[in-house]
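Hi everyone, thanks for coming.

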Amino acid sequence: MNLSSAITHNNIFHIVNICSQRIKQRSYVIGGYVRDFLLGKENPKDIDILTVGKGIRLAKEVSKYIKPLPKIHIFKRFGTAMLEYDNKKIEFVGSRKESYHFHSRKPIIESGSLQDDQNRRDFTINSLAISLNNDDYGKLIDPFGGLLDLKKKILRTPLDSYITYSDDPLRMMRAIRFSTELQFMIEESSFQSIKKNKNRINIVSKERIIEEFNRILLYKKPSIGLLLLYESGLLSIILPELTLLQGIEEKNGFKHKDNFYHTLQVVDNISKDNSNSLWLRWVALLHDIGKSYTKKFIPKIGWTFHSHEFVGSKMITNIFERLKLPKGMMKYVKKMIKNSYKPVALIGNDISNSAIRRLLFDMGEDIEDLIKLCLADITTKNKEKKDHYKRNIFILMNRIKNLEKSDHIRNWKSPISGNDIMNTFDINPCKEIGMIKNLIRDSILEGKISNDKNSAYIFMLKKGKELGLKKK
Ligand code: CTP
């Protein structure tokens, strides 16, 4: 197969072609760019240039042909270099052979041929190379049948899959990530090798695991990857709290749903209809984790998971610390899970406005995310029930909208500040200030006074007096 017409002249490939000839190093474009290009992706992002020789030397030569002269980032330790061209990162690396020590996924590297370099790669579809050399410019070099695998939508390792995953266990996550993104099958024997090597994931840093995990979560249908993680045994190592949700129990004719498969459905729902937010997807993933710890059977009533949202939200600190997730997002995830059941509890005509104001106050800007979660949480297959639950949430949304219009609780700031209280009663900081502020807040949320400065001021004078304070 010759791709020279596709690899147009007058671009970076043309420059690499000229420079490779000048410095007498054969060069190829390889890896993700070739894969994505052959898959017909519009604009593959980064380009890996492989050269049989020194990567840094080729990068320096290439930079001379680009105007204005680009900055070259040189990674001496790895013998690689990177420069930016046409909004793309162009990486230059010398072809290499790799060998591994059992306790590390960092390889020992020595220079090698193009074939050595293709051998060391994770999947046949990532081993494809296109020549940038004069004698065979544009020729696809495909020693492992990667092109056919692209057509058959299969992920296969070039060499023995057990060794490929054992050498670099991150590749198990990558296999599942590619499978989710491209909707490719992982070859059966390869999947068996992932199962056998699952415990080797422990030599990979949490950051790298989470990087792949987050990518899986961000695709259109994350359940593809989450299921593969589960079936391979990797999920019970990374996130055992989630796999504990799997299973259905039946007693005296009472059954509960399988909360693991329900969770996967919720994550897919939130991804499909509602949100590109990674952290809302994490919320969907973790929203029921308290259930395995709160499950109870009550005769004649059935299965209950009382307070699972509180227990679940308490489990978040541990998960975030263990997986090195960003501390800055922890508060949001905890708050969302803690309140995840509230909107459902606020459904019905007998629910007071003050209960809804309280929810708006607690959730602030995140109220919309909470409603999205509640909608995604409706996974019943019964159409009537589904429509009924949805309708109820839409009614609640309307009430929220109307209340927000009249009361502006969402980003609520007390109309009376601590300073106002100190000045009015001529007092220094003391506990009475906090007490009055809380009373003002509660009275506004309960609708006893309106949310404006004048009403709050009159209320403050009254409460101050009751607490024995005198107006200045
Ligand atoms: N690679 C590998 N093993 C890894 C990581 C990478 O063999 N653990 C190889 C693959 O051939 C891959 C190339 O290095 O194609 C570049 O890696 P990277 O940029 O991480 O991935 P891409 O395949 O380019 O895909 P994406 O950009 O979607 O991550």
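A backbone N or O atom of N126 lies 3.2 Å from an oxygen atom of the ligand. I call that a polar contact, meaning a pair of N or O atoms within 3.5 Å. On its own the ligand has 560 Å² of accessible area, and the protein covers 77% of that. Those areas come from the Shrake-Rupley method with a 1.4 Å probe.

A word on what you're looking at: this is a predicted model, where local features need pLDDT of at least 70, side-chain atom pairs count only at pLDDT 80 or more, and totals for chains, interfaces and linings use all residues. Residues are numbered from 1 along each chain as its sequence is written, and side-chain values use heavy atoms, with hydrogens and water left out.

Now, who sits around the ligand? There are 15 residues surrounding the ligand, and the closest are R35, K45, R121, D122 and D168.

Which element gives the largest share of the shell? That's α7, with four residues. The elements giving two or more are α2 (32-38) and α7 (170-182).

Let's zoom out. The protein chain has 24 helices and 15 strands; these are DSSP runs, helices being H or I with at least four residues and strands E with at least two, numbered from the N terminus. The chain's radius of gyration is 30 Å, well over the 23 Å that the globule rule gives for 472 residues, so the chain is more spread out than a compact globule. That radius is taken over C-alpha atoms, and the rule is 2.2 Å times the number of residues to the power 0.38. Along its principal axes, the C-alpha trace spans about 95 × 65 × 40 Å.

Finally, two backbone details. Most residues other than glycine have a negative phi, and most peptide bonds are trans. K24, in the loop between α1 (12-23) and β1 (27-30), has a positive phi, near 55°. The peptide bond from K67 to P68 is cis, with omega near -10°, and P68 lies in the loop between α3 (55-63) and β3 (72-75).

Note on methods. Near = heavy atom within 4 Å. Polar contact = N/O pair within 3.5 Å; in protein donor to acceptor, adjacent residues only side chain to side chain.
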